[in-house]
Amino acid sequence: MSSCGKSINTTEKGIIKSEKFTKLIVDIHLIEAKFETIKFKNELSAKAILQNDYDSIFSLYGITFENFENSLKYYSLKDDNLELIYTNALEEIKKKKSKLK
């Protein structure tokens, strides 16, 4: 039940589940890459677009920035969990890139 406001994407402590966190990391890296490519034309506009993209992603995943920060901290303190998440995210990005070729 979600009577306590718990999202299906997070644990009871508000930590984003690892599978969803991996997908979130992929999306974050893609929007940050987009930011890097457009910031030279108009940095102020690029920052606004980046913030909007972050807001959209967090909304899409049904999470808050606080969920993201807490999850990042949680996984970084758990042995090699964050490294594994980033390894999986990198593999997903490579798959997406190969589909574009």
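This note discusses the structure in numbered points, from the overall fold to single residues.

1. **Overall fold.** The structure is a predicted model. The protein contains four helices and zero strands, and from the N terminus on its elements follow the order α-α-α-α. Of its 101 residues, 30% are buried. Among contacts between residues at least 6 apart in sequence, 63% link residues at least 24 apart.

2. **The nonpolar core.** The largest nonpolar core comprises 21 residues. The residues with the most contacts inside this core are Phe21, Leu24, Phe58 and Phe68. Each of H1, H2, H3 and H4 supplies at least two residues of the core. Which helix gives the most to this core? That helix is H1, with seven residues.

3. **Helix H2: length and ends.** Helix H2 covers residues 43–61. The N-terminal end of H2 is capped by Asn42, which has a side-chain oxygen 3.3 Å from the backbone nitrogen of Leu44. After H2 comes Gly62, with a positive phi near 70 degrees.

4. The buried residues of H2 are Ala46, Leu50, Asp53, Tyr54, Ile57, Phe58 and Tyr61. Viewed down the axis of H2, these buried residues fall within an arc of 130 degrees, and therefore they line one face of the helix. The exposed residues Leu44 and Ser59 are carried on the face of H2 turned away from its buried side. Helix H1 (18–38) and H3 are among the elements that cover the buried residues of H2.

5. **Phe58 and its surroundings.** Phe58 is one of the residues with the most contacts inside the largest nonpolar core. Not counting residues up to four places away in sequence, Phe58 touches Leu24, Ile28, Ile63, Thr64, Phe65 and Phe68.

6. **Aromatic pairs.** How many aromatic pairs does the structure hold? There are seven. In one of them, the ring centres of Tyr54 and Phe58 are 5.9 Å apart and the ring planes stand at 45 degrees, so the pair is tilted. Tyr54 and Phe58 are both in helix H2, four residues apart, which is about one turn of the helix. Both residues are buried. The rings of Phe65 and Phe68 have centres 6.3 Å apart and planes at 40 degrees, so this pair is tilted. Phe65 and Phe68 both belong to helix H3 (residues 65–76) and lie three residues apart, about one turn of the helix. Phe68 is buried because its relative accessible area is 11%, under the 20% limit. Phe65, at 44% relative accessibility, counts as partly exposed. One aromatic cluster is formed by Phe21, Tyr54, Phe58, Phe65, Phe68, Tyr74 and Tyr75.

7. **Asp79 in the loop.** The loop between H3 and H4 contains Asp79. Although Asp79 is not a glycine, its phi is positive, at about 40 degrees. Is Asp79 buried or exposed? Asp79 is exposed because its relative accessible area is 76%, over the 50% limit.

8. **Helix H4.** Helix H4 (residues 81–100) has 20 residues and reaches 29 Å from its first C-alpha to its last, close to the 28 Å expected at 1.5 Å a residue. Leu82, Ile85 and Ala89 are buried in H4. These residues cover an arc of only 60 degrees around the axis, and therefore they lie on the same side of H4. The cover over the buried residues of H4 includes H1 and H3.

9. **Tyr86.** Tyr86 is located in helix H4. Why does Tyr86 count as partly exposed? Its relative accessibility is 35%, which lies between the limits of 20% for buried and 50% for exposed residues. Leaving aside neighbours within four places in sequence, Tyr86 is in contact with Ile25, His29 and Leu72. Tyr86 and Lys23 are 63 residues apart along the chain, and their C-alpha atoms are separated by 9.9 Å.

Definitions and conventions
Residues numbered from 1 in each chain as written. Predicted model: local features only at pLDDT ≥ 70, side-chain atom pairs only at ≥ 80, totals over all residues. Heavy atoms only, no water. Buried < 20%, exposed > 50% of the residue type's maximum accessible area, 1.4 Å probe, protein only. Contact = heavy atoms within 4.5 Å. Phe/Tyr/Trp six-rings, centres within 6.5 Å; stacked < 30°, edge-to-face > 60°. Arc of directions from axis to C-beta. Polar contact = N/O pair within 3.5 Å; in protein donor to acceptor, adjacent residues only side chain to side chain. Core = buried A, V, L, I, M, F, W, Y, C linked by side-chain atoms within 4.5 Å. Expected span 1.5 Å × (residues − 1).
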